[in-house]
Amino acid sequence: MPNHTNQAIFDPKEFLAKVGEGKTILEFRKDEIVFSQGDVASTVFYLQKGRVKVVVISEQGKEAVVGILEPGQFFGEGCMNGHSLRIATATAMEECLVTAIAKTAMLQALHDQPKFSELFMTYLLTRNSRIEEDLIDQLFNSSEKRLARLLLLLANFGKEGSPQLISPNISQETLAEMIGTTRSRVSFFMNKFRKLGFITYNGKIEVNNSLLNAVLYDKPEIKREP
């Protein structure tokens, strides 16, 4: 006889969206800190809504933006591989909805739910590829080309092929920190991109298809020399 018992199908996105054992749903206002560098690390976070900026501060007090996180991404997962303290500071860039998952609950879900393990593994592999690409970018590309690539990434360019608005707006200071250059250089490049028609920049940044073409086809308008 066939088994007509209805077994609940595990949906990892639904699992992450709801309060449960070892899980809490948190709301953060713009500029509110999710966690600070040096805090005890015992929780993994999943971003449901909004954007989060991740910053590392050196012993000399120098800050570097190492990531802008979007919905669907995990962060603070360093606690899973033995980091007892946070190695960065995560700050909400706008109103954010975040799922906080205790390390024990995270380990249990990864052990019990293959679909959740697949989702988390996909995130880790994508993140690792992005880190490798960023390293290559820093080693071989000029700050101008790094800025062009960063604008395309922030605009989630590549799907529609039409002008894409970067939202929320990113300051020139943040852009400079993310590509390792000065604000004045970013300002110079932004004005150049606007004159070339690569972007529309009037308070908010809109990225045009021509910037993607310039990067993909290595056009001389964007210099390769450091």
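This is a predicted model: local features need pLDDT of at least 70, side-chain atom pairs count only at pLDDT 80 or more; totals for chains, interfaces and linings use all residues.
Buried here means under 20% relative accessible area, exposed means over 50%, and partly exposed is anything in between (1.4 Å probe, protein chains only). Residues are numbered from 1 along each chain as its sequence is written, and side-chain values use heavy atoms, with hydrogens and water left out. Helices (H or I, at least four residues) and strands (E, at least two) are DSSP runs, numbered from the N terminus.

**Lys 18 and its surroundings**

- You'll find Lys 18 in the loop between helix H1 (12-17) and E1.
- Lys 18 forms a salt bridge with Glu 14, with the closest N and O atoms 3.2 Å apart; a salt bridge is a side-chain nitrogen of Lys or Arg within 4 Å of a carboxyl oxygen of Asp or Glu.
- Glu 14 is also partly exposed, at 41% relative accessibility.
- Setting aside residues up to four places away in sequence, Lys 18 touches Lys 23 and Ile 25 (contact means heavy atoms within 4.5 Å).
- Thr 99 sits 81 residues from Lys 18 along the chain, yet their C-alpha atoms are separated by 8.0 Å.

**The other salt bridges**

- Searching the whole structure turns up six salt bridges.
- One of them joins Glu 70 to Arg 51, where the closest N and O atoms are 2.6 Å apart.
- Glu 70 is in the loop between strand E5 (63-69) and strand E6 (74-75), and Arg 51 is in the loop between E3 and strand E4 (52-57), so this pair ties together parts that are 19 residues apart in sequence.
- Both Glu 70 and Arg 51 are buried.
- Another links Glu 77 with Arg 127, the closest N and O atoms being 3.3 Å apart.
- Here Glu 77 lies in the loop between E6 and E7 and Arg 127 in helix H3 (residues 114-140), so the pair ties together parts that are 50 residues apart in sequence.
- Glu 77 is buried, with a relative accessible area of 11%, whereas Arg 127 is partly exposed at 39%.

**Strand E8 and its partners**

- Strand E8 (residues 96-102) has five of its seven residues buried, so it is largely enclosed by the rest of the structure.
- E8 runs antiparallel to strand E1 (residues 23-28), and six bridges join the two; strands pair if DSSP finds at least two bridges between them.
- Within that pairing, Phe 28 has Cys 96 of E8 as its bridge partner.
- E8 is also joined antiparallel to strand E3 (residues 43-49), again by six bridges.
- Phe 45 stands opposite Ala 100 in E8.

**Thr 91 in strand E7**

- Thr 91 belongs to strand E7 (residues 89-92) and is buried, with a relative accessible area of 15%.

**Helix H4**

- Helix H4 (residues 143-154) has 12 residues and reaches 16 Å from its first C-alpha to its last, close to the 16 Å expected at 1.5 Å a residue (the expected span is 1.5 Å times one less than the number of residues).
- H4 is mostly covered, with 11 of its 12 residues buried.
- Among those buried residues are Ser 143, Arg 146, Leu 150 and Leu 154.
- After H4 comes Asn 156, which has a positive phi near 50 degrees.
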